[in-house]
Amino acid sequence: FQFFDLIGLCLIQASGVYSKLSRSEYFSFVSATGMSITCILLFFYLYHIIEKTVPKIPWLKIELGYCALWTLLSLIAAFLTVGLVNGYLNIAGYFAFAATAVYGLDTGHKIFSVLAGHAPQ
């Protein structure tokens, strides 16, 4: 996820005057927030925080909700930026479509994990 979000965010910021458009700012918000939340989840997994709190907090359902929400938000961001006059925004939109596909695949994986009753790690 982070690769597509990071490249898209860099392209939006490099678009110059177009980076101040409301759709560009929305794209930046979705990309930066998605990267931040993914980094926090990675930190939790690396330091086994999720393993220790599994009986208390339904982590897979939380991650499922996050992935589903970010699939929708990335899709909206992609549609808002593709087709504009600036090439940077167009390319950033294509990276947003790629991020949408990856978030969607992860959402499907989380759905099957929740239904099967798997542990988060």
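These legends walk you through several close-up views of a predicted model.

**View 1**
Let's start with the sulfur atoms. How many disulfides does a search of the whole structure find? The count is 0. Take Cys-10, which is in no disulfide: the nearest cysteine sulfur belongs to Cys-39 and is 14 Å away. To be counted as a disulfide, two cysteine sulfur atoms must be within 2.5 Å.

Is Cys-67 buried or exposed? Cys-67 is buried, since its relative accessible area is 2% and buried means under 20%. Cys-10, in contrast, has a relative accessible area of 45%, so Cys-10 is described as partly exposed.

**View 1. Helix α4 from end to end.**
Follow the chain through residues 59–81 and you have traced helix α4, with its 23 residues. From the first C-alpha to the last, α4 reaches 32 Å, close to the 33 Å expected at 1.5 Å a residue. The span of residues 59–81 is 100% helix and 0% strand. Just after α4 comes Gly-83, where phi is positive, at about 95 degrees.

**View 2. Regions marked in the UniProt record.**
Which residues does the "transmembrane region" annotation cover? According to the unreviewed UniProt entry, they are 26–47, 59–81 and 87–105.

**View 3. A nonpolar patch on the surface.**
Here you can find four residues, Val-17, Tyr-18, Leu-21 and Val-85, that form a nonpolar patch on the surface. Together they have about 400 Å² of accessible area. Where does Val-17 lie? Look in the loop between α1 (2–14) and α2 (22–46). Val-17 counts as exposed because its relative accessibility is 69%, and exposed means over 50%.

**View 4. Ser-22 and Met-35.**
Ser-22 lies in helix α2. With a relative accessibility of 60%, Ser-22 counts as exposed. Now look along the chain to Met-35, 13 residues from Ser-22: the C-alpha atoms of Ser-22 and Met-35 are separated by 20 Å. While you are looking at a helix, here is a handy rule: an α-helix has 3.6 residues a turn, so residues three or four places apart point the same way.

Methods:
Residues are numbered from 1 along each chain as its sequence is written. This is a predicted model: local features need pLDDT of at least 70, side-chain atom pairs count only at pLDDT 80 or more; totals for chains, interfaces and linings use all residues. Side-chain values use heavy atoms; hydrogens and water are left out. Buried means under 20% relative accessible area, exposed over 50%, partly exposed in between (1.4 Å probe, protein chains only). Helices (H or I, at least four residues) and strands (E, at least two) are DSSP runs, numbered from the N terminus. The expected span of a helix is 1.5 Å times one less than its number of residues. Patches are made of residues with over 30% relative accessible area and no salt bridge: like charges are joined within 9 Å, nonpolar side chains (Val, Leu, Ile, Met, Phe, Trp, Tyr) within 5 Å. Accessible areas come from the Shrake-Rupley method with a 1.4 Å probe; for residues, only the protein chains shown count as cover. A salt bridge is a side-chain nitrogen of Lys or Arg within 4 Å of a carboxyl oxygen of Asp or Glu. UniProt positions are given in the numbering used here, feature names are shortened, and annotations may be inferred rather than shown by experiment.
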